[in-house]
Amino acid sequence: MPDLDLSSISAAAGPLQTWVLPALLGLGLASATGLRTFLPLLMLALAAKFGLFGVRLIDQMDWLVSWPAIAALATATTAEFLGDKVPAIDHGLNAIGYVTRPAAGAIAAGSVFWNVDPAAAAIAGLIVGAPAALAFNAAQTGVRVGSTATTGGLGNPLVSLAEDVLAFVTVIIAFLAPILIPIVLVILAVIVFRLARRIRDRGERLRPA
């Protein structure tokens, strides 16, 4: 197969298809990795593997849609899901997430800039993905610390389950309507902020005078 002329494809597609929509899709994926490292990557791999939602990856990320990669992501997703329901382990995963989640966010975001050259895709992934993942991982830390302080860790599994749902829904919306991602992220940030404040206020009420 002859090599694709990415510059010609980009010019024909226009900035919306080349930069804007991939950036919004990548932003949604990366934000979800701030809550769950592997689930968004698994969903991205499956969508690209089966041609769902029109998702395409850069050629350098073809390994992500291989069955061994999908199996590894599925195993890691399951381990993260279960481990995050266990107090103490969840804090460990969150701490490790300050390294792994920005990396996963950058990979997820960069991989969907399929019609630009690899260097530009990698830079775009770093700019879009890493900060978004880091921000949501930090927000998760605040909520989890507050939950542990007020419930002794007993409320953490419920908080974790809510994060699972938020990560999954964010990825689905990013696939279906990436243009809505900025609105979704604002709503998600408000939810996380209010949850953190509610947990903090509860802790203040329970604290001995």
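This is a predicted model: local features need pLDDT of at least 70, side-chain atom pairs count only at pLDDT 80 or more; totals for chains, interfaces and linings use all residues.
Start by selecting Val159, which is buried at a relative accessible area of 10% (buried means under 20% relative accessible area, exposed over 50% and partly exposed in between, with a 1.4 Å probe and protein chains only). Val159 sits in helix H6; helices here are DSSP runs of H or I with at least four residues, strands are runs of E with at least two, and both are numbered from the N terminus.

Residues are numbered from 1 along each chain as its sequence is written, and side-chain values use heavy atoms, with hydrogens and water left out.

**Next stop: Arg36**

Stay with helix H6 and bring up Glu163 together with Arg36. Their side chains meet in a salt bridge, 3.3 Å from N to O (a salt bridge is a side-chain nitrogen of Lys or Arg within 4 Å of a carboxyl oxygen of Asp or Glu). Arg36 lies in the loop between helix H1 (6-33) and helix H2 (39-49), and Glu163 is in helix H6 (residues 156-176), so this pair ties together parts that are 127 residues apart in sequence.

Now select Asp164. Asp164 also forms a salt bridge with Arg36, and here the closest N and O atoms are 2.5 Å apart. This pair, too, links distant parts of the chain, 128 residues apart. Are Asp164 and Arg36 buried or exposed? Both are buried, and Glu163 is buried as well.

**Along the chain to H2**

Nine of its eleven residues are buried, so H2 is largely enclosed by the rest of the structure. To see them, select Leu39, Pro40, Leu41, Leu42, Met43, Leu44, Ala45, Ala47 and Ala48. Just after H2, click on Gly51, which takes a positive phi of about 65 degrees.

How do H4 and H5 pack? They meet at an angle of about 155 degrees, with axes 6 Å apart; the axes are lines fitted to C-alpha atoms, for helices over the stretch in contact, and angles run from 0 to 180 degrees between N-to-C directions.

**Last stop: a network**

Finally, select Arg144 and Asp90, which form a salt bridge with the closest N and O atoms 3.1 Å apart. Arg144 is in helix H5 and Asp90 in helix H4, 54 residues apart. Arg144 counts as buried at 2% relative accessibility, and Asp90 is buried with a relative accessible area of 0%. Show Arg36, Asp84, Lys85, Asp90, Arg144, Glu163 and Asp164 together: salt bridges that share partners join them into one network.
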